[in-house]
Amino acid sequence: MSSATANDHPKEGAGILFAGAAYAIWGFVPLYWRLLADVSPFEITVHRVLWCAVFAAFVTLGRDRLRHLLAILRTPRVIGALALTSLLISANWTLFIWCVSTHRLVEASLGYYMTPLVSIALGVALLGERVSKLRLVAIGLAAVAVAIKAIEAGGLPWIAPALALSFGFYGYVRKLTPVDAFDGLTIETALLFPLTLAIVVIESLAGSGVLTSTNLARDGLLILAGPVTAAPLVLFAAGARRVRMSTLGFLQYLSPSITLALATLALGERFNRTDAVIFASVWAALLLVGLEGQSARAIARSPAPSQ
């Protein structure tokens with residue numbers, strides 16, 4: 001059997017650009033949320049879901065996917081799963097925006113570095129997947145990082161684990177739900193659209209809403225939160241179809257790396273020796289997982305012994 005080569009993925013160059021652009025947007029997006037520093041994280045999430053639903057609806061019509069979405073809506077099990085993921089991703093978004101507003105992006109980036117390790121743990125605990133010794137060591141290193149953070153904070157740390165667990169469970173449920181990435185986002189935001197619209201209307205009528213005609217710049221930023229949320233997912237989906245999983249796995253660390261660099265170099269957040277030890281533990285864990293994956297692929301590509 002011939003080994004896998006770049007010729008097996010002739011569109012990988014374009015795929016890397018698409019996926020890389022998605023992760024770069026996710027890495028730099030804290031700068032966008034900082035422009036809305038006078039809006040509460042909850043209200044930003046409400047508008048993010050609301051306008052993302054509107055944007056996704058137009059994209060769905062453009063993709064001629066409406067009939068397909070209506071078929072999905074007639075499947076109660078799938079709708080139940082997407083209702084759960086809509087709550088998980090909304091919680092994740094709200095917590096991340098709160099991290100931006102409270103200058104805790106270092107902890108947020110740690111959470112997203114930990115997400116692949118949480119996904120491995122969920123696969124073992126909930127899907128009965130076998131785990132190698134290297135992966136056990138990797139999970140152990142992540143646990144060490146959490147323990148060090150707990151000792152430093154004088155209590156159980158929750159920001160990074162909460163981000164990792166909410167996104168990890170989101171990925172777990174979506175993995176078991178047979179829905180296209182953008183179709184899934186469309187349904188997730190559509191399910192919450194009535195609630196978010198009601199919140200915006202009620203707050204506007206009460207005079208307490210943030211969407212007013214007195215601050216057009218802020219109104220524009222809130223409305224653009226929809227495309228800003230959906231656009232990287234469209235790019236990611238386009239990239240994921242064109243690249244190998246090993247390439248995609250490498251690119252996923254671009255986002256938290258950019259966020260960490262922004263937090264420490266541009267936004268002046270603290271990064272002390274304890275943080276360095278914590279991140280080193282997580283990076284070492286991710287390196288072990290990556291090395292194991294490379295070894296497994298090398299074995300799979302090696303020619304079978306002659307009979």
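What percentage of the 307 residues of the chain count as buried? Of these 307 residues, 42% are buried, a term applied under 20% relative accessible area, with exposed meaning over 50% and partly exposed in between (1.4 Å probe, protein chains only). The model is predicted, so that local features need pLDDT of at least 70 and side-chain atom pairs count only at pLDDT 80 or more, while totals for chains, interfaces and linings use all residues. Residues are numbered from 1 along each chain as its sequence is written, and side-chain values use heavy atoms, with hydrogens and water left out.

The chain holds 12 helices and 0 strands, where helices (H or I, at least four residues) and strands (E, at least two) are DSSP runs numbered from the N terminus. Among contacts (heavy atoms within 4.5 Å) between residues at least 6 apart in sequence, 85% join residues at least 24 apart.

Two packed helices are described by the angle between their axes and the distance between the axes. Axes are lines fitted to C-alpha atoms, for helices over the stretch in contact, and angles run from 0 to 180 degrees between N-to-C directions. Helix α4 (residues 76-101) packs on helix α7 (residues 159-175) at an angle of about 155°, the axes being 9 Å apart. Helix α4 is therefore roughly antiparallel to α7; angles over 145 degrees are classed this way, those under 35 as roughly parallel, 65 to 115 as roughly perpendicular and the rest as oblique. On the α4 side the contact includes L88, N92 and F96, and on the α7 side it includes L163, F167 and R174. By residue class, this contact comprises 16 nonpolar, 3 polar and 1 charged. Ala, Val, Leu, Ile, Met, Phe, Trp, Tyr, Cys and Pro count as nonpolar, Asp, Glu, Lys and Arg as charged, and the others, Gly among them, as polar.

Helix α4 also meets helix α8 (residues 181-206), with axes that come within 9 Å and cross at roughly 80°. This makes α4 roughly perpendicular to α8. Among the residues in contact are L82, T85 and W93 of α4 and G184, E188 and L192 of α8. The contact of α4 with α8 divides into 9 nonpolar, 4 polar and 1 charged.

T229 lies in helix α9 (residues 216-240) and is buried, with a relative accessible area of 6%. A polar atom of the T229 side chain lies 2.8 Å from the backbone oxygen of A225. Leaving aside neighbours within four places in sequence, T229 is in contact with W33, R48, C52 and W93.

Terms used. Polar contact = N/O pair within 3.5 Å; in protein donor to acceptor, adjacent residues only side chain to side chain.
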